[in-house]
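Here is a short report for a reader meeting this structure for the first time. Look over the sequence and the model, then read on.

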Amino acid sequence: MSIQETIKNELNDAQQQAAFFGEGPLLIIAGAGSGKTKTLVYRVANLVDKGIPAEQILLLTFTRKAAEEMLKRASLILDHRCDNISGGTFHGFANTALRQYAQHIGFEPNFTILDRGDSEDLIKTIRKDKGLSSTDKRFPKKGTLASLFSKSTNTSTPIDKIVMSDYPQFLDFTDEIKLIETEYHHQKKLMQVMDYDDLLIRFLECVTQNPDIQQRFKAYYQYILVDEYQDTNSIQARLVKSILNETHNNITVVGDDAQSIYSFRGAHFQNIIKFPDHFPNTTIVKLEQNYRSTQPILDLTNAMIANATHHFSKTLFSENESDVKPEIIETVNDNEQSKFICKKILELREKDIPLSKIAVLIRSGWHSNDLELELKAHNLPFQKMGGFKFVETSHIKDVLSYCQIIYNPLDLISWTRLLLLLDGCGAAAAKKITSAIPANLHQLESIISNHKTKKYASDLLTLLKLVADPTTKTLKPSLILDRALTLYNPLFKLKYDDFHKRQSDIDSLVTIIDRFKTLDTMLTELSLDPPNTTQAGSDAVDREDEKLCLSTIHSSKGLEWHTVFILSAIDGYIPSFQSLGDIEQIEEERRLLYVALTRAEKELYIMKPNLDLSTSNHYKFSGMQFSNITRFLDQKIVSEYTNHQSSKPPKRNSNFSIPMDDDLTDPDTDLLYGKPYKSKKYLF
């Protein structure tokens, strides 16, 4: 069967229109659960089948997993020709390109990539060197400065405007903050390192400052396709435009304006809204058939999002008919909300609905504090989405720092991290050592001459020899790791009291690294697409694999469950209290609720506890005494598209424990007061 026949058999009419589309700009507005990935995969396969060289098709996504899944599916649909499609994340693409062209902007191809912690450490050092670590007035901390610099980059907004809007308490330090940012960029270039934001910025710098290089990219890629376009920031949009061949404008973007919820990461809602303005003669295809949810869930969703200020109008529909409407459950307080959810989950389990097909979605992590205690009391295992990524844990960063300095000896941040592990080596000594490294790059062992009498001299010499040995860098990563762990293991057990828990992470790293053949590949892979789970600090693994999912709404995007509970869907929680003075932020909160509603396949429970918010630190100035249901579900929507019920707290017996009267024989007292506690002791 030809690819054209397959498309006609497998896709609905709107999906076919997108898959068969020819040249020019194409905007695919893909409603939640409408099969956007399937549509994009068939479009890619069709382009290859039409004779477009696979390597000249660029597919950009936000996760490497998404890109790999699409390319794998395209190969299964067509053939091995799809294996050569250029696909991956924005940062992965920029990294690969810079390894070829970085020398044109003053970087060597072996630059290393800083994670957030490393960036903050460098900022902290600069802050201290500039004498700003101890000021009369409070000065922003390293994490605040890193966030400020990143937001300025990703939103293309000047530092002073970010300070004024987000950190007005630091307005007096605006000049000093700019000074630190300038020095931060200067130091990174000296050390031949880049942070994540730099990958995109430096690539743009490379192509815009070198027209001949830019022309190579424009001539090379015949088609560019971008997934989840509503999540792109201004830099990513500029990157796409910078390498697009304007002669044909063969750009396809897929996204859902109603799921644009990441402005705090720099995502620019207007990228997708104004796409037809940015690319004249754009064809818009809307995918409105939903393959996930029942029609009553979609009816509620359509009614809610129809009130959005700016959006592409669409009406989601489904062939999954049902007479079960979403439920709005009103409870007297937070705890009764938690008890209702636990009771309902137990009922669902009795109906053979696995815990893994049930989720509780929350606006903010702390909203679930009471529920987590109740879940544990009911012996319901759960996993909470979030936490540190594997390579961001301190012990894994320690080990990888050895690999970083072997690959790039100018990475003074990784040097500092390792030097501070050495017994007797403090911040001053570490700074003295790192200051000597650039001038002695080809004779590192000579640095020891000024430290021979120090307590750490022997360990320092061993470290210098490891990095100075030219054969080390050429070894397989697994062998390099063996040498690093020989140095690290004694320090590891001294640094961490819970090293026995962290050891499982080290073991995992050994297993992961064994699959890499070269050091540069390993470091790039772990920097751009790190594993997510860590064992340190986690509870013992539950023998029952299935677990309820407890997730923030932001982390739930792209996922689906049979049954979804939306926790505390009240004003002040969603929309968040902090967004109430900003119309754009309130509209994003509406889109956030849209994402939450569309995660449910069969059953949806929207929880409305009655809370006294006046005593909360978050809400004490709000004047709100009792909660109202979220403003996004007005009375008309609630009455027409939901069932609304109140959950009454169950009556309970007295909590008093009393001593048993040995002479008491009247059986009726059991019925009146409950059975007495079988003890001779009073319990208070």
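A nonpolar core is a set of buried Ala, Val, Leu, Ile, Met, Phe, Trp, Tyr and Cys residues joined through side-chain atoms within 4.5 Å. Buried here means under 20% relative accessible area. The model is predicted.

**Cores**

The largest nonpolar core holds 70 residues. Phe149, Ile177, Tyr402, Trp415, Tyr488 and Met522 touch the most other members. This core draws at least three residues from each of domain 2 (112-191) and domain 4 (391-528). In soluble globular proteins, nonpolar side chains tend to be buried together.

Take Tyr402. Leaving aside residues up to four places away in sequence, tyrosine 402 touches Leu418, Leu463, Leu466, Ala484, Leu487, Tyr488 and Leu491.

**A buried helix**

Helix α19 covers residues 412-419. Seven of its eight residues are buried, so α19 is largely enclosed by the rest of the structure. The buried ones are Leu412, Ile413, Ser414, Trp415, Arg417, Leu418 and Leu419. They pack against β4 (112-114), α6 (116-129), α9 (174-191), α18 (394-407), α20 (427-436) and α21 (457-468).

**The seven-stranded sheet**

Now the sheet. Seven strands form an open sheet with parallel pairing, in the order β11-β12-β10-β13-β14-β9-β15. Its edges are β11 (382-384) and β15 (643-647), and each of these pairs on one side only. Neighbouring strands are turned by 20° against each other on average, direction ignored.

Which strands does β9 pair with? β9 pairs with β14 in the parallel sense over five bridges. It also pairs with β15 in the parallel sense, again over five bridges. Strand β10 (residues 358-362) runs parallel to β12 (residues 548-552), and four bridges join them. The table gives one bridge from each of these pairings.

| Residue | Strand of the partner | Bridge partner |
|---|---|---|
| Isoleucine 328 | β14 | Isoleucine 606 |
| Isoleucine 329 | β15 | Glutamine 645 |
| Isoleucine 362 | β12 | Threonine 552 |

How many residues of β9 are buried? Five of the five are, so β9 is largely enclosed by the rest of the structure. Glu327, Ile329 and Thr331 point one way from the strand. Ile328 and Glu330 point the other way. In a regular strand the side chains alternate between the two faces of the sheet.

Two helices lie across strands of the sheet. Helix α16 (residues 334-350) lies across β9 (327-331), β10, β12, β13 (561-566), β14 (600-609) and β15. It runs at about 160° to β14. Helix α17 (residues 369-377) lies across β10, β11 and β12. It runs at about 155° to β11.

**Cysteines and a loop residue**

The count of disulfides comes to zero, with a cut-off of 2.5 Å between cysteine sulfur atoms. Cysteine 82 has a relative accessible area of 0%, so it counts as buried. Cysteine 549 is buried too, with a relative accessible area of 4%.

Where is aspartate 79 found? It is in the loop between α4 (64-77) and β3 (86-89). Its relative accessibility is 25%, so aspartate 79 counts as partly exposed.

Technical notes:
Residues numbered from 1 in each chain as written. Predicted model: local features only at pLDDT ≥ 70, side-chain atom pairs only at ≥ 80, totals over all residues. Heavy atoms only, no water. Pairing = 2+ DSSP bridges. Axes fitted to C-alpha atoms, helices over the stretch in contact; angles between N-to-C directions. Contact = heavy atoms within 4.5 Å. Buried < 20%, exposed > 50% of the residue type's maximum accessible area, 1.4 Å probe, protein only. Domains from an automatic or database assignment.
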